Amino acid sequence: MSQVRIDECIPTGELLTSGHLACPGCAAPLAMRLALKALGPNTIVVMPACCFTIIAGPWPQSSLQVPVYHAGFATGPAVASGVRAALDLQGKHDTTVMVWVGDGGTFDIGLQSLSGAAERNENILYVCYDNEAYMNTGIQRSSATPWGAWTTTTPAQFPESTNKKDILGIMAAHGIPYAATATVGYPVDLIEKFTRAKGMRGTRFLHLLSPCPPGWKCGDDEGIELARMAVQNRVFPMLEIEEGERWRLTMDHAGDPVEPYLRRQGRFRHLNAEQVAHIQTGIDRRWVALQRRVAMSGEHALSAVPSAVPSAAPSAAPSSAPQPAGV
Amino acid sequence: MKKVMVGNHAVAWGVRLARVEVISAYPITPQTQVVEKLSEMCADGTLAARFIKVESEHSAMAAVIGASATGVRAFTASSSHGLLYMHEMLHWAAGGRHPIVMADVNRAIGPGWNIWTDQNDSLSQRDTGWVQLYCETNQEVVDTTVMAFKLAESLSVPVMLMLDGFYLSHTAEPVDIPDQELVDRFLPKRDAPHKLDVDQPHAFGALVRPDSYMEMRWLQQEALQKVPETLAAIEQDWQRMFGRSYGAVEAYRAEGADLLLVTSGTITSTARTVVDARRAAGEAVGLLKVKMFRPFPTALLRDALRRLGRVSRVAVLDRNISPGHGGIFAEELRAALYDLGDGERPEIFGFVLGLGGRDVTPAVIGEAIAQARAGTVPSREDLWVGVNP
Amino acid sequence: MPESMPTTSGARAVPPVAMSTMSTLVTHTGSWKYLRPAYHDRVAPCNARCPVGIDIEGYLNLILEGRVDEARDLLLAENPLPAVTGRVCHHPCETACNRRALDGAVAIHAVERALGDLAHERPAPVVKGAPRTERVAVVGSGPAGLACAYHLARFGYGVTVFEAERAPGGMLRLGIPEYRLPRAVLDRDIARIAAHGVEISCGVRIGTDVSWRDLTGRFQAVCVATGAHASRALGVSGETLPGVRPGLAFLRDVNGGARPDLGRRVVVVGGGNTAMDCARSALRLGAQVTVVYRRTRDEMPAIREEVEDALHEGVQFVFLATPLEFTAANSRVHAIVCERMALGETDASGRRRPVPTGERFTLEAETVLTAIGESAALENFFGDVDDSGAGLTVDALGGTSRGALYAGGDVTDLERTVADALGAGKRSAIGIDRHLRQHAGDTQELNALRFASGNLSAARWMQRDPVRRIDPVNDMVGVDDVNFASYRKVPRHDDTRLDSEGARGGFDEVNAGLTTAAAMDEARRCLNCGVCTECDVCLIFCPDAAITHAADGGYTIALDYCKGCGVCAAECPRGAITMTQDRP
C-alpha cells in the first residue's frame, strides 16, 4: 500500500497521560508525547514558565511520567546545567536532561541563559516548542512572532513589523554539536531527530513549530496540517546543523506558495496582497541563503575537540573544561 | 590548622570543608576571590565539585537550584548588584525549600557605582525567605559557612551568610581551619528527602491553587521559626567539636549597661573597642551583636533586654537604610520590642552610618552614643551620622 | 513557637513542596468537548458511483490483505461479467476515485479485469441460495438480462433466458467490436452464468416464437431486457442513399465476421461509443475515417479512452459540425454537406446546445455510418406497460406498472451503459425475489442495501456480505475527507496497448491490460476511503493520547479525556472518523 506506515517508526510506549490541560488540538502535548517516546523514561524535564506549565497539570497532578522541575521563566538552561552537574556526580551520565520551553522563554527572556549554556556546551537537550507568541499569557507578541501577524500587542492596524528572530542561526553561531528543526506535522522526522539528539553529548537544540489554534485563529483540527504547510512552503524548513557548520535539509520542500497557509489563519486575515507578497519574498530570500549554507557545508571537515583536562589531573573533571567525547 | 587568609578565601575553605558538590557563580567585586579560590580548589582536585561558570547571577542561583533539586549540596556567592539580579531566584530557592548556602559579600548598590561595603544588598532581600547570618571575623566566616549547610539541610531552608566587602573579604586574619574528618562527622553527605530521580518520577513546583498555597507558605514559615533553636543546637555541636560558637545574638559587656549599642558585621569589632574604652572610663555602655537577622531574633532580644533590666537607651548602628523608612535593624528592633512593658522598653535611637563604605570609626560611634545620650527621645527615626547635607 | 494554623473545614494535609503525587487521569477533560469522534465506516466514492453496485473498496482491501480469492468472490457477488466490464465499462468509479487529486485514480478497471480473468483460471465456487420452487423468465441476454438471471439463480430460482439472436450477449456481442472485447472473454463470462443452472435459450423471439401469454403461464415472474436496437435517423435528405447505413447495423455485420468494403473514405456521424466503435472498425477495414460531431471533444459522451484510442489509431475528427444533406454520385453517397455549429446555451443534458452558424462545408465519403443514438422498440407486451417515451418506466427495483413484469437495461428510460444495465438487472432480480417472497420491505431496508446513494448490493440482500464494517454510515467520502499527507506518490499503472500500426491492422484486442502482479500492485494504491485499516495515524496524532488499541481490534477513544479537537478525523488518511455533535 502506498500509505507510509508511520506506526512502524513511532515507539509505542506512552509517557504523557491524558487529562492534561492543553487546549483542544494544541500541538505542544503531541510534541511532548512524541519527544518522550523517543527519549524514554530515563529523562528529566526542566520546564520554565510556558504553556506547558499549565498543560502539565496543577499540583498534585502531573501528566508527565518522568521527573519535572518547574523552573522560573528565564532559567531553563541554567537549572538544567545544575541538574546535569548533579546527575553526573551521581554517576547518572545517561539520564537525559531536557529543557522544554516556549518561544518566549527561548527567543526573549531566556536567550541569555540559553546562550550561556550553549557556550559552555552543557550536556543538555534544549527543546523550544514555538507557537510564535506568548500564548500562555494571552497571545502577546514575542520575537518569534512572524512579520505581519496579529497578536494582542500587535493589533491588526499595526501588526508585527519585524522579522522572526533567526534562533537557529544564533544557535549555529554557538557551534553546538547539534541544532535542528522539527514539527508535529512530520512525526517520524521528529522522532528521528530526538533519537539522534539523545545519542549525542553537549548542547543539542531542537526548534519545533507548534501551531496554536487559539493564537493562530484556526480550527482545532487544523494544527497538524498547518505545520506541514509551513514546511512545504519553506516558512519553517526542516534542517539539521552539526557543529554550526554542516547544514543539511532533512526532507524535500515543495516550495508551495505561502498564501494558502496565511489565509487559513485568522492572525493573518488582515494582510493585503502587497503584504503577502512581502512575506513570500522574505521566504524566498531566506531559502536561497539556506541553500547556500547547505551547499557550503560540504567544504568543512569536522575537527577533533581537544581535551583541556591535563592527563595528570585527579578523577574529578571540572565541568568548566571542554568535555572529551564519551564522558 | 591555622592559616592567615582574607575573608573571601575563608568562604572558599568553608565550602571545601563542607564538601560542596556543585558550585555556580558569576564574578563581581568584591566577591571575586571566592570564585577564584574555588576554581583553584576544583582544578587541583582538593574540592571535588562541578563548577558551572554561568553567564549571570540569575543563572547562578538557577543552576544551584537545579543541582539542589537533584539532591546534591550546592553553593554560590555574590554581592550587591549580582545578588539583586538573582532576586527572583532567591524567592524560588526558598519557596522550593532548597537547602542552598550562599555567601554575600556586602557591597553598596549603585548608581553611582560603589564597590565598598554596606548592607543594603542583603537586607533588601530580607523578605525572600532566606536565613541571614552576618559575620564579624574570617574565623566566623569559615565556621558559619559549614554550619550554614547543616542548618539549611536540617530545615530545608536556604541560608545566606554575609561578610563586609573589603573589611572582611579582602582583609587577612588568622583562621583556624577545622579538621576535615571532624567536619565530615559534623556534616555528612546530603541525603535529600525528595529529588529529581527517574526511579521515582515527580513533578516539582507545578501550579498551586489558593486552596493549598497558604499551607505551603505556612510550612515554610514554620521551618524558619525553628531556625533559632536549630541553630543553637548546631552551634552547641560546633562548640563541642571545635571550641567555638557565636550565638544568634551575642551580648558583650551588657550586664548593667544603661545604653546598649546594637551592631552587626565588622562594625561590631570597632564597637567592642568603644565599649571597652567607655567601660574603662566608667560608662555603662554595652553591646549586642546581632548575627542572625533572619529570622529576626525577636524572642532572644526581648529576653535579653528583660534580663538586662536597666537599659534605658539603645543605639542601633545601621550600615543600611530602607529608603523612606529608617535603618533596617533599628526598625526591626523597634517592632520586636514593641510588646515589652512600659518599664522595660528602652528608647531606641537608630543611626544610619557607613553607607557606601564610609568608615565607621570609634569617633563615629562616639557621636552616635553622644546623640543617644543627649536626647530623651529620638528627634527622628533615622539619625544620620556624619552626613553633610 | 508559632500558634497552629487555624484549619478551615476541608483543609488537607499539604506537603512542604509542591511535589506531584498522581497523574492527570483524575481530570476528565472529556467534559470540554462539543464535538465527538467516532469510527464509522463510510462509503468510498467508487462504491457510491458504481452503477453495478460493486463493493470495489471491499475487494481492493481484500487484495491488500492478500485475500485475492475472496476479492474475486466479492466482485462476483455483484457482477457476473467482470472480465467484460474490466474491458468496456466507462468506469465512473475511476472518475470519482479520490486518489485522482494526488497522483491519478486507481486503475480499477484493470484490477477488475485481472480479477475477472483470474476467475477463469481459479473459478469461484458456484453460490446458490436454498432452492426456490418459482421459475423466472428473462427476455434478452444482454448485460441486463444476464445479470438478472445470474442473481436470481444465486437467490435459488430456476431461470430461463430467452434470446432472439443465435448467441447470447446482446449489445456486448452485436455492438462492441472484438478489438475491445474478444468473443472468448465474453463467452467465458456467460458460461459462468450458465454454470449456475441458468438456461439460455437462443434463437427464440418472444412475441413470435413464444407468446407473452405463454410466458406468464409458465413463469411466476418475467424480466424484460430486450435492449434498444433501433438506430435514430438523422432526418436529413439523402439518408436513404446506398452507402449511408445505421452504425449499429454495420457493427452487427462486422462483429458477426463480415468484412464489407466501405470504399476509401468513411464518415461517421455521432459522438458516443457506437460512433467510436464504427470509426475504429471502419479504420480496420482499410478506410480513412472522419468523425463528425456537433459539439466539441469535451462534450462527447463516448468513453474517454475510446476517443483517445481512435485518435491514436488515426481517426480524424471534425467538431462543431452536423450533416445537412447527403449527396450522391454514381447512385451512391458521395459527399456530405455539413454546417458549422457553435456552442450556445446549456440544454437539458447539462451540455451547451449546438447552434447553427450558417457556415457550410463539404466532406467526401463513400460510406456514411450514423450513430446518433438508439431507441428501444417497445414491444406490444401482454397488456399496457407504462413508458416515458424514452423507454419503459421502472421503479427502484425494476418493477413496471404491470404486476410481475420487471424490466432493465436499454429497454427502460434509465442510463444506457453496460454498467447501468448490469445494475438494473440486479435490481430487477432483487425486486422479483422480494415479490415472489411476498416481502413488502420499505425504503429504509432498500437504503441499507446501498452504498451511499449508489446501487444495491446483492451480497447484502442475501445477508452474505463478508466485509466487516464498524458502525457503518451511508455517506460518501469526498476528496476533502481524505488526507494525502500519509501517502507516497505512486504513479498509476498504465495498460499495455498495441501500437497504432498493430492496433488498426486487425481486430486483435488492443488493450492487454496489466499483468496480474501489476494489477495487484495497482490495487494497493487504493486509499480505502472510509474504511478503517488500523494504520494508527489517529492514535499517533491525538494530542491527548486518548486513542488506544481495543482488545478485539480497532480502537477505543477514551471519551473521558477526548476534547473533541478533531485532529484524528482530520488526519485520518481515509475519512473513517466522523465528528458529530456531542450529546451528554
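This is a predicted model: local features need pLDDT of at least 70, side-chain atom pairs count only at pLDDT 80 or more; totals for chains, interfaces and linings use all residues.

Me: What distance separates the centres of domain 1 of chain B and domain 2 of chain B?
Reply: Domain 1 of chain B covers 2-241, and domain 2 covers 249-384. Taken over C-alpha atoms, their centres are separated by 28 Å.

Me: Why does the radius of gyration of chain B agree with that of a compact globule?
Reply: The C-alpha trace of chain B spans about 65 × 50 × 45 Å along its principal axes. A compact globule with 389 residues would have a radius of gyration near 21 Å. Chain B agrees because its own value is 21 Å.

Me: What percentage of the residues in chain B is buried?
Reply: Chain B has 14 helices and 16 strands. Of its contacts with a separation of 6 or more, 80% are between residues 24 or more positions apart. A residue counts as buried if 20 or more other C-beta atoms lie within 10 Å of its own. Among the 389 residues in chain B, the buried part is 56%.

Me: Which element gives the largest share of the side of chain A that touches chain B?
Reply: This contact takes 46 residues from chain A and 42 residues from chain B. Strand 1 (43-48), helix 2 (51-55), strand 2 (68-71), helix 3 (76-89) and helix 5 (111-119) of chain A each supply at least two residues. The side of chain A divides into 26 nonpolar, 18 polar and two charged residues. Its largest share, eleven residues, comes from helix 3 of chain A.

Me: What is the bridge partner of A:Y69 in strand 9 of chain B?
Reply: Strand 2 of chain A and strand 9 (residues 203-204) of chain B run parallel, joined by two bridges. In strand 9, the partner of A:Y69 is B:F204.

Me: How many residues are in the largest nonpolar core?
Reply: The residues with the most contacts inside this core are A:M47, A:V83, A:V127, B:V159, B:A315, B:V316 and B:L317. Beyond its neighbours within four places in sequence, A:V83 is in contact with residues including A:I44, A:Y69, B:G66 and B:L196. Another core lies apart, with 102 residues, among them C:L115 and C:A376. The largest nonpolar core has 255 residues.

Me: How many residues does chain C give to the contact with chain A?
Reply: Chain A brings 34 residues to this contact. Helix 1 (27-39) and helix 9 (223-232) of chain A each give two or more residues to its side. That side divides into 14 nonpolar, eleven polar and nine charged residues. From chain C, the contact takes 40 residues.

Me: How far apart are the C-alpha centres of domain 1 of chain C and domain 2 of chain C?
Reply: Chain C is divided into domain 1 (24-41 + 532-581), domain 2 (135-229 + 375-461) and domain 3 (233-372). For domain 1 and domain 2 of chain C, the distance between C-alpha centres is 46 Å.

Technical notes
Residues are numbered from 1 along each chain as its sequence is written. Chains are lettered from A and ligands numbered from 1 in the order in which they are written. Two residues are in contact if their C-beta atoms, placed from the backbone, lie within 7 Å. Helices (H or I, at least four residues) and strands (E, at least two) are DSSP runs, numbered from the N terminus. Ala, Val, Leu, Ile, Met, Phe, Trp, Tyr, Cys and Pro count as nonpolar, Asp, Glu, Lys and Arg as charged, and the others, Gly among them, as polar. Two strands pair if DSSP finds at least two bridges between them. The radius of gyration is taken over C-alpha atoms; the globule rule is 2.2 Å times the number of residues to the power 0.38. A residue is buried if 20 or more other C-beta atoms lie within 10 Å of its own, exposed if 12 or fewer, and partly exposed in between; C-beta atoms are placed from the backbone. Domain bounds come from an automatic or database domain assignment. A nonpolar core is a set of buried Ala, Val, Leu, Ile, Met, Phe, Trp, Tyr and Cys residues joined through C-beta atoms within 7 Å.
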